[in-house]
Amino acid sequence: MPSGNENGKTDAPIAPVQSVLDPYSSKIELTCNGSREDLDPYVPAQNRPLESNTSSFGALAHLLKASLGSGVLAMPLAFKNAGLLVGCFGTIIIGFICAHVIHILVKTSQQLCVEVKKPCLGYADTCDLVFQNGPKSVRRFAPHVRELADWALAVTHLGACCVYVVVISESFKQISDEYGGPKWSVPAFCALCLIILIPLNQITKLKYLVPFSAVANFVWLASICISIYYCLRDPPPLSSRNMATSIAGLPNFISTSLFAMEGIGVVMPIENEMTKPQHFLGCPGVLNIAMGAVVALYGFVGFCGYLSFGETVRGSLTLNLPQDEILAQTAKILVACVMILSYALIFYVPVDVAWRRICDRIPVSSHRWGLAALRLFGTLLTVGLACAIPRLELFMELVGAICLSCLGLSLPAITETVWRWGKDLGPYKIVLIKNAIIVVISLIAMVSGVTFSIKTMIDSL
C-alpha cells in the first residue's frame, strides 16, 4: 500500500525522473558510458608520431623552400603573356586563389582527421575519405578520386622533371656555344643528361640527398639574386613594355602562373609534420605568410624580368642573361646543377605512385630490380619527352593547364563541397557557389591553355 504523509494524504507513486542528457556534461556521460572515451574530442596533433616534430617556423621555412622553386624564374614569361599592369594584378589574384584552395584543402583534412580519428592524412587520402563519408550518391566515386589525385600529382611532377631537363640542356648549350664547345642541338644535350640522371635516380634513400639539398637552397638563392641584378642593372623605361596584351595571352599567363606558384603537392606533407597544425591556417598563419611572400617575390621577379628583356624573355630567366659575362654564366651553371638535384628529389613522387600499384605483382625477391627498372623507365620517359618537345615554355604551359588546374583548383574545391554537403554550405549556399566558380575557372584555364599550347606547338613545326 502507498504510504501516507503526516497530513494523512496518500502519496502518488513516484514516476522515474527523465533527465535531459547534456552532451557537454561529463558526469552524465560517465554515468551512461562509464568512460571518457567518447567525451573528449579527438585531437589529431596529440596522436601524431614523435617524428612529426616540425615547429611552425620550420613549417614556414619548408613551405617557402618548396614554393620558391624553378617557377620563380618563369614569371617573366607569364608577364610577357599578360603585360606589366595585368601581370601584377593577375599574380595577386592567382596567388589569392591558390592560397584559398590550399586553405580549404587543409581545413577539410583537419576536420576529417577529427571525424575518422586519424592523426594526419595526405592529399589522396583526404579526397578518398571525404567521398567515402560523403552523400551516398558519390561514395562509389571514392576510389576513382584517389586515383585521379595520385596520378595528377605524379604527372605534374613528371612534367616538372621534363621542364628541368630542358632548362639544364639549354643552359649547358649556351655555355658550350660561348666557349667553343660542341654545337649540338638542345635534344642532344637532353640525351646527354642521361649520363648523370640515370645513376642519380637509382638512389632510393632521400637521406643521401639531404646534404646536397641544403647546399642547393643557398645556390638557388644566389642564382635568383644574380638574375635580379641583371634585370635591375639597366632597365628600360616602362613605356617600352606593354601594360596589357590581348585576351589571347591570358590562358598562357594563367597556365604559367599556376605552374610557378601552385605548390599544393607539398602542402599536406608539411602540415602533417607540424606539432601545432592549428598554426598552419588562420591569421597570420604559416600559409598566409608563405603565400604572401611568394606572391610578392614572384610578382617582383616577373615584373623586373619582363621589363628588362621584353618580348625575348625565356621560360627560365637565367637563359636571358648575357652569354659573354662570367657572372651570368656562373648563374646558369648553378641553376643547372640545382635542377639536376631537384629532378632527383621530385622524381620520387611519380615513382612512389607507380610503385605502390605494381609492387604486389612482382615477387618480393625481385623488388629491388623491379624498382630499379621503374626508375630507369621513368628517367628515359622524361628525357625522351624533353628531346621530342624541347620547348621549355610549352612544357610549363601544358603542365600548368592540364595538371595543376585539376590538382590545384578543381579537386580541392569539389572535395570541400562534398565534405560540407548536407552540413554547412553557408548562407545562400555561398560555399557551393564559390567552389563552382573555382571549378569553372579551372576548366576554362585547362581548355584554353591546352588549346593555345597545342596551337603554338603546331605553328612551330
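Mentor: Happy to. Let's begin with a helix pair: H4 passes H12 in a right-handed crossing. Keep in mind that this is a predicted model.

Trainee: Which residues of H4 and H12 meet there?

Mentor: On the H4 side they are Leu84, Cys88, Thr91, Ile92, Gly95, Cys98, Ala99, Ile102 and His103. Their partners in H12 are Leu287, Met291, Val295, Gly299, Phe303, Tyr306 and Leu307. By class, that contact of H4 with H12 has 12 nonpolar, four polar and no charged residues.

Trainee: And what's the angle between H4 and H12, and how far apart are the axes?

Mentor: H4 covers residues 84-116 and H12 covers residues 285-309; they pack at an angle of about 155°, with axes 10 Å apart. The angle is over 145 degrees, so H4 is roughly antiparallel to H12.

Trainee: Can we zoom in on Met291? Is it buried or exposed?

Mentor: Met291, which sits in helix H12, is buried, because its relative accessible area is 6% and the cut-off for buried is under 20%.

Trainee: What does Met291 touch, leaving out residues up to four places away in sequence?

Mentor: Gly95, Cys98 and Ala99. Those three are also among the H4 residues that meet H12. For a C-alpha to C-alpha distance, take Met291 and His100: they are 10.0 Å apart in space and 191 residues apart in sequence.

Trainee: Let me step back a bit. How many helices and strands are there in the protein chain?

Mentor: The protein chain has 17 helices and zero strands. It has 461 residues, and 47% of them are buried.

Trainee: What share of the contacts join residues at least 24 apart?

Mentor: That share is 78%, counted among contacts between residues at least 6 apart in sequence. As for surface, the accessible area of the chain comes to about 22,900 Å², and carbon and sulfur atoms account for 67% of that.

Trainee: Back to H4, then. How does H4 pack with H10?

Mentor: H10 is residues 250-261, and H4 packs with H10 at an angle of about 50°, the axes being 10 Å apart. H4 and H10 are therefore oblique to each other, and their crossing is right-handed.

Trainee: Who makes the contact between H4 and H10?

Mentor: From H4 you have Val86, Gly87, Gly90, Thr91, Ile94, Gly95 and Cys98, and from H10 Leu250, Phe253, Ile254, Ser257, Leu258 and Met261. That contact of H4 with H10 divides into eight nonpolar, five polar and no charged residues. Thr91, Gly95 and Cys98 meet H10, and these three are also on the list for H12.

Trainee: New topic: Gln329. Where is it, and is it buried or exposed?

Mentor: Gln329 is in helix H13, residues 326-346. Gln329 is buried, with a relative accessible area of 3%. Apart from neighbours within four places in sequence, Gln329 is in contact with Gln174, Ile175, Glu178, Tyr179, Pro322 and Gln323.

Trainee: How open are they, in relative accessible area?

Mentor: Tyr428 is exposed at 80%, whereas Lys429 is partly exposed at 47%.

Notes:
Residues are numbered from 1 along each chain as its sequence is written. This is a predicted model: local features need pLDDT of at least 70, side-chain atom pairs count only at pLDDT 80 or more; totals for chains, interfaces and linings use all residues. Side-chain values use heavy atoms; hydrogens and water are left out. Axes are lines fitted to C-alpha atoms, for helices over the stretch in contact, and angles run from 0 to 180 degrees between N-to-C directions. Helices (H or I, at least four residues) and strands (E, at least two) are DSSP runs, numbered from the N terminus. Angles under 35 degrees count as roughly parallel, over 145 as roughly antiparallel, 65 to 115 as roughly perpendicular and the rest as oblique. A crossing is left-handed if the near helix is turned anticlockwise from the far one by less than a right angle, and right-handed if clockwise. Contact means heavy atoms within 4.5 Å. Ala, Val, Leu, Ile, Met, Phe, Trp, Tyr, Cys and Pro count as nonpolar, Asp, Glu, Lys and Arg as charged, and the others, Gly among them, as polar. Buried means under 20% relative accessible area, exposed over 50%, partly exposed in between (1.4 Å probe, protein chains only). Accessible areas come from the Shrake-Rupley method with a 1.4 Å probe; for residues, only the protein chains shown count as cover.
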